[in-house]
Amino acid sequence: MEIKVIKSKRKTISLSVDDNLNAVVRAPYGVSNEKINDFVESNREWLMKATERKKAQLERTDLTEDEIINLIHLAKDVIPRRVEYYSEIMNLCPTGVKITKAKKRFGSCNGKNSLCFSCFLMKYPMEAVDYVVVHELAHIKHHNHSNDFYNLINQYMPDYKQREKLLK
């Protein structure tokens, strides 16, 4: 695996995997190559798992335009109804619901409480779709991933951890 090193004005070292399945190390200017190599080696297991996740992500978005259009139609039919169902139960109301072709995230909630969902979410079981809907609705009340945020999800979906695993 190729390792790309990007040095910049930052304070920490980070490791990620790009769309070409290369390891990307971001490090402060003064960090030696030896320290970078040690960092990569100490995170080798994480790097292997991250590479597998990236491969899976790239495979699920490798569809024809017709297949993507079908997913969009399906998502526009299914997801707004799931949002409506869970928003009533959770007493949380989004300002809007949008379906996108996002490849890197299944859902998002912006500062104005408008929710976006990737059409690629429709390639997963309905239990996973419902988890993402509840997760994004919870962001209306908690715009973070705090304990309160996960406690809110747990209140309405006690098995959310199992559902979350379906997405990986």
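User: Where is the kink in α3 centred?
Analyst: On A75, with a bend of about 30°. Keep in mind that this is a predicted model.

User: How far does α3 reach from its first C-alpha to its last?
Analyst: The helix covers residues 65-90 and reaches 36 Å, close to the 38 Å expected for its 26 residues.

User: And which residues of α3 are buried?
Analyst: I68, L71, I72, A75, V78, I79, V83, Y86, S87 and M90. The spacing makes sense because residues three or four places apart in an α-helix point the same way.

User: What covers them?
Analyst: The cover includes strands β4 and β6 plus helices α4 and α5. Just past the end of α3, N91 takes a positive phi of about 55°.

User: Switching to cysteines: how many disulfides are there?
Analyst: The search of the whole structure finds 0. For C109, the nearest cysteine sulfur is that of C116, 9.1 Å away. C119 also has C116 as its nearest, at 12 Å.

User: Is C119 buried or exposed?
Analyst: Buried, at 0% relative accessibility. C109 is buried as well, at 18%.

User: Last one: what does R163 contact, sequence neighbours aside?
Analyst: Beyond four places in sequence, R163 touches E127, A128, D130, Y131 and M157. A polar atom of the R163 side chain lies 3.1 Å from the backbone oxygen of E127. R163 sits in α6 and counts as buried because its relative accessible area is 15%, under the 20% cut-off.

Note on methods. Residues are numbered from 1 along each chain as its sequence is written. This is a predicted model: local features need pLDDT of at least 70, side-chain atom pairs count only at pLDDT 80 or more; totals for chains, interfaces and linings use all residues. Side-chain values use heavy atoms; hydrogens and water are left out. Helices (H or I, at least four residues) and strands (E, at least two) are DSSP runs, numbered from the N terminus. Buried means under 20% relative accessible area, exposed over 50%, partly exposed in between (1.4 Å probe, protein chains only). A polar contact is a pair of N or O atoms within 3.5 Å; within protein, one must be able to donate a hydrogen and the other to accept it, and residues adjacent in sequence count only if both atoms are side-chain atoms. Contact means heavy atoms within 4.5 Å. A disulfide is a pair of cysteine sulfur atoms within 2.5 Å. The expected span of a helix is 1.5 Å times one less than its number of residues. The bend at a residue is the angle between axes fitted to the seven residues ending there and the seven starting there.
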